[in-house]
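Work through the exercises below with the model open. Each task is followed by its solution in steps.

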Amino acid sequence: MPFRQLVALGLLCALLPLHHGAPGPEGTAPDPAHYRERVKAMFYHAYDSYLENAFPYDELRPLTCDGHDTWGSFSLTLIDALDTLLILGNVSEFQRVVEVLQDNVDFDIDVNASVFETNIRVVGGLLSAHLLSKKAGVEVEAGWPCSGPLLRMAEEAARKLLPAFQTPTGMPYGTVNLLHGVNPGETPVTCTAGIGTFIVEFATLSSLTGDPVFEDVARVALTRLWESRSDIGLVGNHIDVLTGKWVAQDSGIGAGVDSYFEYLVKGAILLQDKKLMAMFLEYNKAIRNYTRFDDWYLWVQMYKGTVSMTVFQSLEAYWPGLQSLIGDIDNAMRTFLNYYTVWKQFGGLPEFYNIPQGYTVEKREGYPLRPELIESAMYLYRATGDPTLLELGRDAVESIEKISKVECGFATIKDLRDHKLDNRMESFFLAETVKYLYLLFDPANFIHNNGSTFDAVITPYGECILGAGGYIFNTEAHPIDPAALHCCRRLKEEQWEVEDLMREFYSLKRKRSRFQKKTMSSGPWQPPTGPGSLSSPENQDQAREKSAKQKIPLLSCPSQPFTSKLALLGQVFLDSS
């Protein structure tokens, strides 16, 4: 399938019409308005409990009604929940939290932080909130979206992560100290997802700030992983970033690998990048050939393709949603229905599920309120309107409320067999699980915009169209407006070419003025043709050579590519213009 068609299919998953009348228990239909309000109530029960009992710590401990720092010390739940507030329509709280974060969050701290988690939760959350600020009624500063306090915070956080990428391979360490950089004794072993899950946030950051370093390091990491695949086209799940040798050679689509594949697809759509999509499609062939059995995906040895684990991991439930982004709807639905049977069996997805035995794996019986199956349901419902997907949403609301709701929020389910709870509420519950549930039941949400409405924004680099739809969710469900990447582009080549042209123009003007003064009494002016003149054969050849090397015409305006504008509206261009 041509790349542009794949891009359009990915964007159209959020644009297709819905079919109503989904059957429920005893033939009743889940009422979207009813469940939308139920989901909203879930959010505020958890969110208010965090504010009252846990802020400014990272996360809430719902059984003891207090808080603790988990991934750094960033008031993480507040950052993760910020764009969800707007999706639920709460602009006043969004505005308040923006002020709170500016006053309270400091990244210049002596803390060892996960490079992966800091990127997807903090950098991604801040970038998304920055791009949604104007829609939320925040008084944005001049130059937005190319400047703003949340953008500066996202850039500061991302710069704290850059030392992790300073390895011989360009693949990052898994942990970095935010004050001192990589610790001398830091392990060089990083999971595949921890290397390949940066292009969405870092390319967005580079586009908005004009600093290419973020996108550059993300692309190098992606390329190194691609070059490290086995002869049969598979990757393992942990690699030594100093030597490039695989440490864990189990290959699958789940934990340790998952969002690497996700970001190849989403990065391709976000950046209109054929190479990233080609990489994923090659992986997809190998995954189908070696890991897929009866619409389940097993784990295999990356070099031989022999089965190593016959388990389904809850993190793999993102895969049907990813398949929908490349238009593979039939396979996506079959796999989704397999996963849904596991949910029905336990009222949630256990971390590990033994497929042949049809039961949980010892010490992996928990469900920390993960979003992946709900995420896939949201994507597939936008693409198909299949009522089964609404049923999953209904079941998720009922299960989570019945099993995990406590006085101070919602608790991780430690064991789905007996419904024992654990004293933690992950920030992704508010960032992802609740958000995807709400969007599943809210067809009119601005996130689902089909391009019929948009905002025209004047930036220092020209007019920019925002809010037309086609949002790309990062792996923490923070939506990025793809049009924003074209608002602030001022390539160095363009800047230098304009400066060179202006210098050349004024130099020629001065030369011409002096020449005219000397020749005014001796007839009309003729262009000089001798050595060193602009029109001499030598300089004309040099000018032609320089012109051939230029990537773009002189004085061209940095604007959104025409094909990208069409893609935003869900249209496909098949010619090469």
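**Exercise 1.** Find the residue with a positive phi in the hairpin of S18 and S19, and describe the pairing of the two strands.

Solution. His419 has a positive phi near 65° in this hairpin, where 4 residues lie between the strands. Strand S18 covers residues 412–415 and strand S19 residues 420–422; their pairing is antiparallel, over 3 bridges. Asp415 has Lys420 in S19 as its bridge partner. Strands (E, at least two residues) and helices (H or I, at least four) are DSSP runs, numbered from the N terminus, and two strands pair if DSSP finds at least two bridges between them.

The model is predicted: local features need pLDDT of at least 70, side-chain atom pairs count only at pLDDT 80 or more, and totals for chains, interfaces and linings use all residues. Residues are numbered from 1 along each chain as its sequence is written, and side-chain values use heavy atoms, with hydrogens and water left out.

**Exercise 2.** Describe how H9 and H10 pack.

Solution. H9 (residues 213–227) and H10 (residues 258–271) pack at about 130°, with axes 12 Å apart. The contact (heavy atoms within 4.5 Å) involves Glu215, Arg219, Leu222, Leu225 and Trp226 of H9, and Tyr260, Leu264 and Leu271 of H10.

Definitions and conventions:
Axes fitted to C-alpha atoms, helices over the stretch in contact; angles between N-to-C directions.
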